[in-house]
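The exercises below are meant to be worked through with the sequence and the model side by side. Please try each task before reading its solution.

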Amino acid sequence: MANYFQEEIETASREQIEKIQHDGLLDVVKRVYENVPYYRKKMDEAGVKPEDIKELSDITKLPFLTKDDLRDAYPYDLMALPVSECVRIHSTSGTTGRRVVDFYTQNDIDKWEDGCARAICAAGGTKEDVVQVSYGYGLFTGGSGLNGGSHKVGCLTLPMSSGNTDRQLQFMCDFGTTILCCTPSYAAYLAESINERGIKDQIKVKAGIFGAEAWSEEMRHDIEKNLGIKAYDIYGLTEIEGPGVAFECEAQDGMHICEDYFLPEIVDLDTLEPVPDGQIGELVFTSFAKEAFPLIRYRTKDITYITHEKCKCGRTHARIHRLMGRTDDMLIIKGVNVYPSQIEEVLIKQGMPANYQLIVDRVNNSDTMEVNVEMTPEMFSDSVSDIAAKEKEIVAALKSMLGIYAKVKLVEPKSITRSEGKAVRIIDNRKI
Amino acid sequence: MNINQISIFVENKPGKLAKLTKFLADNQVDMRAFEIADTSDYGIVRIIVDKPYDTVTLLKDNDWICSISEVVGVKIPDVAGEMSKALAVLDNAGISVDYAYTFPASGDGALMVIKVAEVEKVAGLFKGAGLKVVSQENL
């Protein structure tokens with residue numbers, strides 16, 4: 001029996017969902033055209049008026065919005081309501097450029113927290129659970145989002161924030177955490193620390209809700225095995241609201257988008273034309289239910305595909321496949337598209353740790369790729385030729401996945417920096 | 001009967017070898033022999049120590065990647081032709097050697113350490129040929 005937070009809407013018919021989206025789209029287009037000069041200008045330039053949007057499919061007449069728009073409009077130019085109506089802001093880290101902020105009314109926060117509460121219930125959570133939130137709190141959305149969701153479900157919430165592994169593990173043991181929320185790389189790190197300290201018998205965690213960075217199916221199996229839990233993916237982005245935009249259910253077969261708040265599209269990576277279900281492209285969102293900071297056709301740069309088929313869990317909301325990378329994470333090496341997640345997949349299949357570093361350089365006008373991988377006790381042998389044979393196997397597996405040669409370099413354990421936040425996996429030394 | 005050799009993974013980077021030897025020194029490990037097999041990116045350091053099992057546990061607890069393996073130690077007197085004599089025993093029996101190295105033996109001559117697949121068989125062959133096989137206890 002599936003565990004829902006809002007069963008009626010989560011299992012609504014496709015007609016009901018499309019009705020909500022249709023009304024929401026018409027409403028939001030009208031709202032932004034009337035109240036947001038930045039949007040009106042964009043729409044006027046594209047030659048589209050609110051009355052041109054009659055059907056859901058008319059959405060393609062509207063111009064896309066990108067992160068550059070959000071930076072240009074910083075701080076207030078995309079707001080659909082005056083600041084006096086807002087109760088909070090969140091912000092991106094700003095590491096890849098100017099900060100992007102999102103504004104929330106109390107209603108926006110309520111809906112966001114509902115999304116997170118749906119995610120917790122989809123992971124089997126009830127009021128009996130103890131939820132440890134080890135995402136960062138503050139301007140980052142991860143901590144507050146799951147914190148609010150956990151309150152709504154009625155769980156005892158441990159607002160740990162990120163980092164301080166000793167304290168994380170102590171609270172996990174002392175208060176019997178049953179659901180852990182953090183980034184997958186931090187979950188892998190915690191699992192490693194737990195096994196190192198031999199305290200696994202004191203850990204009661206049964207489920208993890210992991211997001212904020214791309215991770216592979218293999219990494220999921222690794223974490224599930226090492227911690228003895230079920231690991232659920234969660235998706236979100238600050239620009240749209242934060243975590244809880246989409247989340248996995250017990251079927252672990254794609255993340256359900258809260259389609260009563262967001263209208264998703266997948267567009268072709270080159271032509272930006274919508275693609276059918278099952279076809280890979282860039283994820284685009286229209287956050288029609290947002291009051292303070294609605295975005296229309298926002299290009300997330302996340303690469304995935306979508307399905308509208310009803311899920312085994314009974315939920316009818318469309319599912320996106322786990323993220324396959326980001327359009328800006330994608331490296332072009334020797335003219336080939338390389339996603340870090342592909343390398344991770346190969347390594348884990350080869351029984352290696354997912355902790356790797358990819359170093360790209362250009363020598364004599366030709367790209368070189370080197371993958372640094374940490375040596376494991378299982379792979380180590382007294383014989384150089386045995387190790388070389390294993391190295392060759394990894395090189396061959398990478399070649400078959402990527403289509404290009406990558407040198408594999410074995411490094412000492414723990415020499416690749418472990419992250420407590422988002423992992424830095426790529427060092428691109430090419431001067432182009 | 002034989003010698004327990006420890007093999008340790010070390011990256012090919014300045015200071016890595018010194019870090020290992022300092023670690024062993026800080027823990028009062030008495031090393032009898034030290035040898036490196038190197039590739040362009042990493043090396044396998046092979047050592048023979050007084051307390052191999054304690055040392056391997058210590059290394060593993062401190063995140064060194066290492067393993068222990070049995071090797072044959074055979075005494076080579078300081079006389080021309082003695083090494084050839086020992087290796088001829090293996091040649092005659094059709095046994096291939098993975099690797100070998102020597103270090104000064106206590107007393108006179110050298111100790112040759114040989115890595116082979118069948119350690120017991122080789123030790124027996126050496127003894128049968130009148131050579132002195134050295135075990136971990138009487139290093």
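**Exercise 1. Which pattern does chain B follow when read along the sequence?**

Before starting, note that this is a predicted model, in which local features need pLDDT of at least 70 and side-chain atom pairs count only at pLDDT 80 or more, while totals for chains, interfaces and linings use all residues. Residues are numbered from 1 along each chain as its sequence is written, and chains are lettered from A and ligands numbered from 1 in the order in which they are written.

Solution. Begin by marking the helices and strands, which are DSSP runs numbered from the N terminus (H or I of at least four residues for helices, E of at least two for strands). Chain B has 4 helices and 7 strands, and along the sequence they give β-α-β-β-α-β-α-β-β-α-β. Next, turn to burial, where a residue is buried if 20 or more other C-beta atoms lie within 10 Å of its own, exposed if 12 or fewer, and partly exposed in between, with C-beta atoms placed from the backbone. By this count, 29% of the 139 residues of chain B are buried.

**Exercise 2. Decide whether Asp102(A) is buried or exposed, and find what it touches.**

Solution. First locate Asp102(A), which lies in strand E2 (residues 101–104) of chain A. Because Asp102(A) has 26 C-beta neighbours inside 10 Å, it counts as buried. Then list its contacts, a contact being a pair of residues whose C-beta atoms, placed from the backbone, lie within 7 Å. Beyond its neighbours within four places in sequence, Asp102(A) is in contact with Ile89(A), His90(A), Thr238(A), Glu239(A), Glu241(A) and Phe293(A). Finally, consider Gly242(A), which is 140 residues from Asp102(A) along the chain, with 9.3 Å between their C-alpha atoms.

**Exercise 3. Describe how H8(A) packs against H7(A) and H9(A).**

Solution. Work with axes, which are lines fitted to C-alpha atoms, for helices over the stretch in contact, with angles running from 0 to 180 degrees between N-to-C directions. Angles under 35 degrees count as roughly parallel, over 145 as roughly antiparallel, 65 to 115 as roughly perpendicular and the rest as oblique.

Helix H7 (residues 165–174) and helix H8 (residues 184–197), both of chain A, pack at about 70 degrees with axes 11 Å apart, and H7(A) and H8(A) are therefore roughly perpendicular. Thr165(A), Gln168(A) and Leu169(A) of H7(A) make this contact with Leu190(A), Ser193(A) and Ile194(A) of H8(A).

Against helix H9 (residues 217–227) of chain A, H8(A) packs at about 30 degrees with the axes 9 Å apart, so H8(A) and H9(A) are roughly parallel. Here H8(A) contributes Pro184(A), Ala187(A), Ala188(A), Ala191(A) and Asn195(A), while H9(A) contributes Met219(A), Asp222(A), Ile223(A), Asn226(A) and Leu227(A).

**Exercise 4. How many residues of chain A are in contact with chain B, and how do they divide by class?**

Solution. Counting contacts between the chains, 12 residues of chain A meet 13 residues of chain B. Strand E20 (residues 407–411) of chain A supplies the largest share of the chain A side, with 3 residues. For the classes, Ala, Val, Leu, Ile, Met, Phe, Trp, Tyr, Cys and Pro count as nonpolar, Asp, Glu, Lys and Arg as charged, and the others, Gly among them, as polar. The chain A side then divides into 7 nonpolar, 1 polar and 4 charged residues.

Definitions and conventions:
Two residues are in contact if their C-beta atoms, placed from the backbone, lie within 7 Å.
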